[in-house]
Amino acid sequence: MLLTITNSRYPATDLGFLLHKHPGKVQSVEVVNGKAHVFYPEVSDERCTCAILLDMDPVGLVRNSDGNPFALDQYVNDRPYVASSFMTSAISKGFSSALNGNCKAKPELVSIPLQLEVQLSVLSVKGGEEVLQQLFLPLGYELTAIQHPLDPHFPEWGESRYFTVTLKNTVTLQALLSHLYVLIPVMDNEKHYWVNEEEITKLMNKGKGWLEEHPAKELIVRRYLRYQQKLSNEALAAITVSEDTPVVEKESKQTLHDIRLKAVSDEIARLQVRSVVDLGCGEGRLIKLLLENKQLQRITGMDVSSRSLEVAARRLKLDKMIDTQRKRINLLHGSLTYRDRRLQGYEVATLVEVIEHLDEDRLLALEKNVFNEILPDTIVLTTPNKDWNITFTEDETMKRHSDHRFEWTREEFQAWCEHIRDAYKYTYEIKPLGEEIEAVGAPSQMVVFSKQ
Ligand code: SAH
């Protein structure tokens, strides 16, 4: 399997500095079940091409696969020959500095868009050219794809799923490599290793700055995480823009969210507490409001999305804050569905429009975590009221936010609160949020759980 990257921005040999690979040498790196050789078939100031040749060991590939849920056929196996996720590993190993945006010799080159052309000699593409277009055109690539017949001697057998693909774009090398890193396994749709939580982090990292807005985001995330719904949903939640940009929210979106945040912070003021942890804090809107409450000495925000936390830090201007203010705030990266001691020891925990972003079986993990482990005296939680959705006009979707996994009617919400009361040692009080309409209630609902 061969991948070439050509730069034609003068002086084209800048490519060598950026890749940290000398154009005069052939270099090899070990990858799982094989080697990746890096060399330059063409070097001039006008055009410079770097090739990465993946030399897989087909026998090792089969031998080392035992126990892995990687059910590739033992005897007929295309893995050594196609640009699968092995190529992704080779890219991250062979070109790690470039992929991470580092260039020791000429750091100024990192942010310069180059005229780049990529050739992938054999690429297995599930979904054919249409998928290729969906993936690359929104990123500004010019795409040429040649599909190969199953067997040239028997044209009647039709086309295979293998393509030779050329991509052209004026982008930074780092952007190009991160596109390939994520999209090669997405095209192939087979992954050679077990997908776990770490993969979300990798995806977030490499998708930063382009995946959030990509129209095929959902396809990319689901395929990248091998259709593991829970992980995909977590990842999608993490890259989905905050609650302030819902698909449909009938009341002016600012106003409704403002009402929620004000109701929650009023509740906290009423409780006269000194410490709060905002679980699923998103971009820190509640924290900003809570800072005005002088009684609060410790305000911690936690979210699974590092991107949201970055926005929160910026929004709160943490870097410019005076010391006494800065000491009151803490932002943590974590997940509500995992035990995390850092979240213990707060008087109040808030969950503002968070639970509906989790799959219902993950909700159980969240429940146990919040009501059994984190154990604050009070929990203030809000979620949309599904009854209210019938006030949407016909052309509006019934869900307010593309990432909501579920929405509860007032009855369902109450049933859940009762379940919490019975399963854990908390009492509850429900309060409507926003303007109430007869028969459907208010747009959002809030509950205050208190430790018995
Ligand atoms: N509370 C904020 C954001 C609501 S949007 C506000 O009201 O403005 C939902 C937030 O929940 C997102 O920021 C998302 O990243 C976060 N989230 C989703 N699943 C999570 C999990 N498992 N752990 C922590 N945060 C999570």
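Tutor: Buried means under 20% relative accessible area. Keep that cut-off in mind for this predicted model.

Student: What share of the 452 residues counts as buried?
Tutor: The cut-off is under 20% relative accessible area. The protein has 452 residues. The share that counts as buried is 52%.

Student: Is Leu150 buried or exposed?
Tutor: Leu150 lies in the loop between strand S6 (142–149) and strand S7 (159–171). Its relative accessible area is 52%. Exposed means over 50%, so Leu150 is exposed.

Student: Which residues make the nonpolar surface patch of about 330 Å²?
Tutor: Start with the loop between S6 and S7, where Leu150 sits. Leu150 belongs to the patch.

Student: Which strands stand at the edges of the open sheet?
Tutor: Seven strands form this sheet, in the order S10-S9-S8-S11-S12-S14-S13, with mixed pairing. An edge strand here has a single partner, so one side is left without a neighbour in the sheet. The edge strands are S10 (329–333) and S13 (426–433).

Student: What is the average twist from one strand to the next?
Tutor: The value describes the open sheet of seven strands. Going from one strand to the next, the twist averages 15 degrees.

Student: Which residue in S14 stands opposite Val380?
Tutor: Strand S12 covers residues 378–384, and strand S14 covers residues 444–451. They pair in the antiparallel sense over seven bridges. Opposite Val380 stands Val448.

Student: What angle does the direction of helix H12 make with that of S10?
Tutor: Helix H12 (residues 306–315) packs on the sheet. It touches strand S9 (298–303) and S10. The angle with S10 is about 165 degrees.

How values were computed
Residues are numbered from 1 along each chain as its sequence is written. This is a predicted model: local features need pLDDT of at least 70, side-chain atom pairs count only at pLDDT 80 or more; totals for chains, interfaces and linings use all residues. Side-chain values use heavy atoms; hydrogens and water are left out. Patches are made of residues with over 30% relative accessible area and no salt bridge: like charges are joined within 9 Å, nonpolar side chains (Val, Leu, Ile, Met, Phe, Trp, Tyr) within 5 Å. Accessible areas come from the Shrake-Rupley method with a 1.4 Å probe; for residues, only the protein chains shown count as cover. A salt bridge is a side-chain nitrogen of Lys or Arg within 4 Å of a carboxyl oxygen of Asp or Glu. Helices (H or I, at least four residues) and strands (E, at least two) are DSSP runs, numbered from the N terminus. Buried means under 20% relative accessible area, exposed over 50%, partly exposed in between (1.4 Å probe, protein chains only). Two strands pair if DSSP finds at least two bridges between them. Axes are lines fitted to C-alpha atoms, for helices over the stretch in contact, and angles run from 0 to 180 degrees between N-to-C directions. Contact means heavy atoms within 4.5 Å.
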